[in-house]
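Colleague: I have not worked with this structure before. Could you take me through it?

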Amino acid sequence: MNKKIIAVYGGSFNPPTIAHEKISKDILSLNNVDKFIYLPVGDKYEKPELISSFHRLNMLEIMVNEIKKSGVTSVEVSDLEVKSKNLLYTIDSLRAIKNRYKDKDVAFVMGTDNLIDFENWEKPIELLEEFYFIVIERKNQSVEEILERFKFLKKYTNKFIILKKTSYEAVNSTFIRENINNISLIKDYVNKEVLEYININNLYGGTKHE
């Protein structure tokens, strides 16, 4: 891999958490990673409790602005899937981003759980042929063992960049949604400005706190 890398992190970000924030900083510290792009899914993506992309996009923009204040500037939010009239698969979005950054390689960011399920993705072999993957290794889930277990992945081991040590915190968006009225419990796991946005817009069935 001789080109600079555009790292693309797709997801629902419902809402974005401190873990999503820290992942961008960890990945931008890797050699050759030139830019980090958050790619929220659009409203056509069917998932329980998924709120409007309007709010999810706004929350990501708020979080990214806070990241930039810390001196990390090579990070942005893409509205590619949000604005699309059709449901875009990962391969569609990555090809569109690659077309924009023709002189760079594109790498999709994912966890080991996604890697285990990779054969069920849309056009998995074409994805492996065309793109790279930055895999966040979770506790007790070795990327090397997963690649060994799934033979079709083993052929493409050079396409995987393994992120073993991260400042990632074990918190997910579900935890935030389920405890939205317990501010003292969630305040350390979601950006302060994002939490204020959730409060002001009364998202996730929370009670507005004055």
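Predicted model: local features only at pLDDT ≥ 70, side-chain atom pairs only at ≥ 80, totals over all residues.

Colleague: How many helices and strands does the protein chain have?

Modeller: The protein chain has eleven helices and six strands. These are DSSP runs numbered from the N terminus (helices: H or I, at least four residues; strands: E, at least two).

Colleague: And what is its radius of gyration?

Modeller: The radius of gyration is 17 Å, close to the 17 Å that the globule rule gives for 210 residues, so the chain is as compact as a globular protein of that length. The radius is taken over C-alpha atoms, and the rule is 2.2 Å times the number of residues to the power 0.38.

Colleague: In what order do the strands of the sheet come?

Modeller: The open sheet has the order β3-β2-β1-β4-β5-β6, with parallel pairing; two strands pair if DSSP finds at least two bridges between them. At the edges are β3 (75–77) and β6 (160–163), each of which pairs on one side only. From one strand to the next, the twist averages 25 degrees.

Colleague: Which helices pack on it?

Modeller: Among them is α2 (residues 53–69), which touches β2 (33–40) and β3, its direction making about 165 degrees with that of β3. Helix α4 (residues 90–100) also packs on the sheet, where it touches β1 (5–11), β2, β3 and β4. Contact means heavy atoms within 4.5 Å, and angles run from 0 to 180 degrees between N-to-C directions, with axes fitted to C-alpha atoms, for helices over the stretch in contact.

Colleague: How do α2 and α11 pack?

Modeller: The angle between α2 and α11 (residues 192–200) is about 155 degrees, and their axes are 8 Å apart. The two are therefore roughly antiparallel (under 35 degrees counts as roughly parallel, over 145 as roughly antiparallel, 65 to 115 as roughly perpendicular and the rest as oblique). Residues making the contact include Phe 54, Ile 62 and Glu 66 of α2 and Val 194 and Tyr 197 of α11.

Colleague: Changing topic, which peptide bond is cis?

Modeller: The bond from Asn 14 to Pro 15 is cis, with omega near 5 degrees. Pro 15 lies in the loop between β1 and α1 (18–28).

Colleague: Where is Phe 13 found?

Modeller: Phe 13 is found in the loop between β1 and α1. Its phi is near 50 degrees, a positive value in a residue other than glycine.

Technical notes. Residues numbered from 1 in each chain as written. Heavy atoms only, no water.
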